[in-house]
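Dear colleague,

I am handing over the structure below, together with notes on what turned up in it. Please read the notes alongside the coordinates.

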Amino acid sequence: MSSPDLQLGRGQQAPVRQRSHDRPASLDNPRSPRRRAGMPNFEKYAWLFMRFSGIVLVFLALGHLFVMLMWQDGVYRIDFNYVAQRWHSPFWQTWDLLLLWLAQLHGGNGLRTIIDDYSRKDSTRFWLNALLALSMVFTLVLGTYVLLTFDANIS
């Protein structure tokens with residue numbers, strides 16, 4: 001009989017000589033977890049941010065949908081003049097800016113978590129996170145620029 005239990009002794013596992021890519025990335029070497037350099041407890045604060053921003057985003061998004069789709073004439077009143085009048089008010093500028101920033105950071109943090117969970121190689125994780133950060137910065141800068149510098153008097 002040449003079963004692994006008889007060769008290694010009961011309960012012992014065979015040594016793994018190379019990385020196993022069949023297991024999830026987080027279970028690759030469970031006895032020696034990787035300590036990342038940087039801010040301690042970052043994942044805890046990112047987790048808390050996801051919960052609190054999600055609650056605020058529910059109210060911001062539902063309020064946005066209600067005002068844009070159901071208030072007065074609904075979608076039939078939305079045109080350039082309506083947006084110009086709306087963004088002339090600091091309240092609606094702040095509302096839309098908060099919605100933009102929270103939605104972008106909330107979604108980016110969620111995608112960062114997915115990248116960390118499913119990318120197997122460190123180089124892949126680095127480049128995907130770099131691409132994510134670049135796209136987030138581009139979207140936030142462009143959206144903020146449009147919201148804060150919008151001029152209805154285009155000549």
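N41 is placed in the loop between α1 (4-8) and α2, where helices are DSSP runs of H or I with at least four residues, numbered from the N terminus. This is a predicted model, in which local features need pLDDT of at least 70 and side-chain atom pairs count only at pLDDT 80 or more, while totals for chains, interfaces and linings use all residues. Residues are numbered from 1 along each chain as its sequence is written, and side-chain values use heavy atoms, with hydrogens and water left out.

Backbone

The phi of N41 is near 65°, a positive value in a residue other than glycine. Most residues other than glycine have a negative phi. With a relative accessible area of 47%, N41 is partly exposed, a class that lies between buried (under 20% relative accessible area) and exposed (over 50%), computed with a 1.4 Å probe and protein chains only. Q72, in the loop between α2 and α3, also has a positive phi, near 55°, and Q72 counts as exposed at 62% relative accessibility.

Surface patch

V58, L62, L65, F66, L69, M70, W71, V75, Y76 and I78 make a nonpolar surface patch of about 1,100 Å². Patch residues have over 30% relative accessible area and no salt bridge, and nonpolar side chains (Val, Leu, Ile, Met, Phe, Trp, Tyr) are joined within 5 Å; a salt bridge would be a side-chain nitrogen of Lys or Arg within 4 Å of a carboxyl oxygen of Asp or Glu. Areas come from the Shrake-Rupley method with a 1.4 Å probe. One member of the patch, V75, is found in the loop between α2 (42-70) and α3 (80-88), and V75 is partly exposed at 43% relative accessibility.

Aromatic pairs

Searching the whole structure gives seven aromatic pairs, counted when the ring centres of Phe, Tyr and Trp (its six-membered ring) lie within 6.5 Å, with planes under 30 degrees apart called stacked, over 60 edge-to-face and the rest tilted. The F91 and W95 rings have centres 5.8 Å apart and planes at 50°, so this pair is tilted. Both residues lie in helix α4 (residues 90-118), four residues apart, about one turn of the helix, and F91 is partly exposed, with a relative accessible area of 49%. For F126 and W127, the centres are 5.0 Å apart and the planes at 75°, so that pair is edge-to-face; F126 and W127 are both exposed. Finally, ring pairs link F80, W87 and F150 into a cluster.

Best regards

Notes:
Patch = residues over 30% accessible without salt bridge, like charges linked within 9 Å, V, L, I, M, F, W, Y side chains within 5 Å. Helix = DSSP H or I, 4+ residues; strand = E, 2+ residues; numbered from the N terminus.
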